[in-house]
Amino acid sequence: MPILFPPKPPLPRAFWDERITPDEPETEPAPQNSDETLYCEAEASGAVEKEKAAWESSETDLEIEDTEKFFTTGQRELYLEACKLMGVVPVSYFLRNMEESYVNLNHHGLGPNGTKAVATALVSNTSVVTLELADNCLMEEGLLSLVEMLQENYYLQEMNISDNDLGLKGARIISEFLQRNTSSLWNLQLSGNNFRDEAAELLCQALSANYQIKTLDLSHNQFSDKGGEHVGQMLALNIGLQSLDLSWNHFCIRGAVALCNGLWANMTLQKLDLSMNGFGNEGATALGEVLRLNNSLVYLDVSSNGISNDGVSRISKGLEVNESLKVLKLFLNPMSMDGAVLLILSIKRNPKSKMEEIDISNVLVSEQFLKILDGVCAIHPQLDVIYKSVQGFSAKKALLQWTNPMKLIQSYADQHRITVVDFFRSLNPKGLMTMPVGDFRKAMIQQDKVPVDLYQVRELVKKLDDKRGGVNFSCSTELHLLAEAYGLDPRLALRLCVLQCP
């Protein structure tokens, strides 16, 4: 039983930082026991850096009143001790970032023992929210250690264990974990793990009753039509999933139809990526029926699925009545301009359509198509259709006719003695600095202060994109826009931005 000494005044943080910094001289004699010597890590470049620090006894730890430093120090020592027991080299990046919310250990070659050491340190960690462990050869033992850790750690919310070739054994472990519904994990990435139809059955059985996982990535696996049937049955029962990535699998007609049958009953899924599969026109027909009834899907990607104009016409029928879909991606399908016309006319016929983006960027269109599109955008100004190019309209000619929209807006702002940010903020009825992309696109088309076309609005969206489905008008954004519009040095743009921003 260790002796408990009376508490001492807490030592400053710098004291403890010095004790764990390898480049600083030791403040007390180094331990003589070789078992207490800390490991060093071989960096990716091949250079070796030696890290040494003094081990603290349990009695010393108990004297520390700085709770945050106590736990951090304890976790580092726990990780180093676990590495000793596992016979692996500690990862210096992990030691440096144990207090951060995001830890990226992708491609570190951890193996099962290295993963177990990391999991041991994370059991009591309250800082890490997102953990990246892709391509680490976890194997069954490493995966089991992560699952055990997740039963104790209620702070970790997102985990990526893609590209670990987990196979059927890994799918069984994950399925048993998902059935418990006891973790705080809501984002799970399982891409590229060589999951086949047997694994799909296990995972889907667990997901049918799981309500914790909101975002799931099962792309780049080996699911075929049988796997599609399991996914369809799961979607009909699941009440938690909001985003599902099934791209780069092997779903064909039978699997596509079964999957779509599950979507009929699903009321929570908002984002679905089915790109790089083999739905064909029959699968597109099933999707069209889903779109007629489903009111939850907001984002649908069926790029490269062998869908021709016939399949597009079936999808268009669904779009005529759909009131929820905002993004539809049909890139790399064998459709022509005739199919593109069917798509945009279906939006025109639907006054309640919320469509904001249609991606047909491999389709060559004509000026007649652009006239039809202008008519559709007059009714739905939030709509943006991304196509390849216009027949007979050279890129050089387009470049000559195109004016940087930021220069136009800056010119208007200068004339009216306002800032660019003030102009953008005036587009938002709430006067906020952020705005959904669709609302911004609609406001820019409808405003009459600065005349811009669809291409210029698209460019503005790219510049102001906040990567979360919206645009941001903050001063930091204006800094980059000013520099680009006038070819300024970023430091000079910063000074201008500071002067203009309230």
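Reader: Which residues does Ser308 touch, not counting residues up to four places away in sequence?

Author: This is a predicted model, in which local features need pLDDT of at least 70, side-chain atom pairs count only at pLDDT 80 or more, and totals for chains, interfaces and linings use all residues. Residues are numbered from 1 along each chain as its sequence is written, and side-chain values use heavy atoms, leaving out hydrogens and water. Ser308 lies in the loop between strand S10 (299-301) and helix H12 (309-319); helices (H or I, at least four residues) and strands (E, at least two) are DSSP runs numbered from the N terminus. With contact meaning heavy atoms within 4.5 Å, Ser308 touches Asn281, Pro334 and Met335.

Reader: How far apart in space are Ser308 and Pro334, C-alpha to C-alpha?

Author: In sequence, 26 residues separate Ser308 and Pro334. In space, their C-alpha to C-alpha distance is 4.9 Å.

Reader: Is Thr115 buried or exposed?

Author: Thr115 is found in helix H5 (residues 111-122). Buried means under 20% relative accessible area, exposed over 50%, and partly exposed in between, with a 1.4 Å probe and protein chains only. The relative accessible area of Thr115 is 1%, so Thr115 is buried.

Reader: What is the distance between the ring centres of Tyr79 and Phe94?

Author: Rings of Phe, Tyr and Trp (its six-membered ring) pair if their centres lie within 6.5 Å; planes under 30 degrees apart count as stacked, over 60 as edge-to-face and the rest as tilted. The whole structure holds 8 aromatic pairs. Tyr79 and Phe94 form one that is edge-to-face, with 80° between the planes and a centre-to-centre distance of 4.9 Å.

Reader: Which helices hold Tyr79 and Phe94?

Author: Both Tyr79 and Phe94 are buried. The two residues are 15 apart, and their pair links distant parts of the chain: helix H3 (residues 67-86) for Tyr79 and, for Phe94, helix H4 (residues 92-96).

Reader: What arc do the buried residues of H14 fall within?

Author: The buried residues of H14 are Phe369, Leu370, Leu373, Val376 and Cys377. The arc is that of the directions from the helix axis to the C-beta atoms. Seen down the axis of H14, the buried residues line one face of the helix, because they fall within an arc of 115°.

Reader: Which exposed residues are on the face of H14 turned away from its buried side?

Author: The buried residues of H14 pack against helix H13 (337-348), strand S12 (357-365), strand S13 (384-390) and helix H19 (454-464). The face turned away from that buried side carries the exposed residues Lys371 and Ala378.
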